[in-house]
Amino acid sequence: MDYTVRATTEDDWAAYRATRLEMLADSPSAFGTTLDEALAQDEAFWRRRASGATSFTVVAIAEDGRWLGSMSGVVDLERATPVPLLMAVYVTPDVRGTGVADALLEAVEAWAAERGEALFLDVHDANARAMRFYARHGYERTGHAYPHPRDPGLEVEMRRMLV
């Protein structure tokens, strides 16, 4: 399968919105936003998100223009020392296991390496597939976890050193 990985731009807002709505419908417990909350947002919100003003987002786009998945990175400013954080990880179901997630993660890790020594992420403890994916890429549990805000279970923190 041929696809391109690139950062999103403001002009991508409609496709970014569609992908975000797809991910929230597919995996509601994996994200901090609900589908209803996302549906309530206006065009200005989606333009800002796609523009990179609030996060670094990469997308995999097939030759036919179909978005296959996306991942985002933000700098977590709530920590004593700000660190890059992986967020909003999604690959559309019919292309999971094809390498799309690997390519997206590589792009976010390159972005993160310019901003810190490690990339952190939170993953639901019931999402074994995601945990295996991250472990295969060198991510390890940090020992920190917290209750998921809307779902039984825990969000488990993982980290990969980048330097």
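Tutor: First a term: helices (H or I, at least four residues) and strands (E, at least two) are DSSP runs, numbered from the N terminus. The model is predicted, so local features need pLDDT of at least 70 and side-chain atom pairs count only at pLDDT 80 or more, while totals for chains, interfaces and linings use all residues. Residues are numbered from 1 along each chain as its sequence is written, and side-chain values use heavy atoms, with hydrogens and water left out.

Student: OK, which strand is W67 found in?
Tutor: W67 is in strand β3.

Student: Buried or exposed?
Tutor: W67 is buried, at a relative accessible area of 11%. Buried means under 20% relative accessible area, exposed over 50%, partly exposed in between (1.4 Å probe, protein chains only).

Student: What is W67 in contact with?
Tutor: Contact means heavy atoms within 4.5 Å. Leaving aside neighbours within four places in sequence, the partners of W67 are T8, D12, A15, Y16, T19, V59, A60 and I61.

Student: And how does β3 pair with β2?
Tutor: β2 and β3 are antiparallel, with 6 bridges; two strands pair if DSSP finds at least two bridges between them.

Student: What's on β2's other pairing, the one with β1?
Tutor: Strand β1 (residues 3–7) runs antiparallel to β2, joined by 5 bridges. R6 has V59 of β2 as its bridge partner. As for cover, 6 of the 7 residues of β2 are buried.

Student: Switching to the core: how many residues are in the largest nonpolar one?
Tutor: 25, and M71, L86, V123 and Y134 have the most contacts inside it. A nonpolar core here is a set of buried Ala, Val, Leu, Ile, Met, Phe, Trp, Tyr and Cys residues joined through side-chain atoms within 4.5 Å.

Student: Which element gives the largest share?
Tutor: α4, with 7 residues. A second, separate core has 14 residues, including W13, L21, F31 and W67.

Student: Last one: how many helices and strands in the chain?
Tutor: 5 helices and 7 strands, running β-α-α-α-β-β-β-α-β-α-β-β from the N terminus on.
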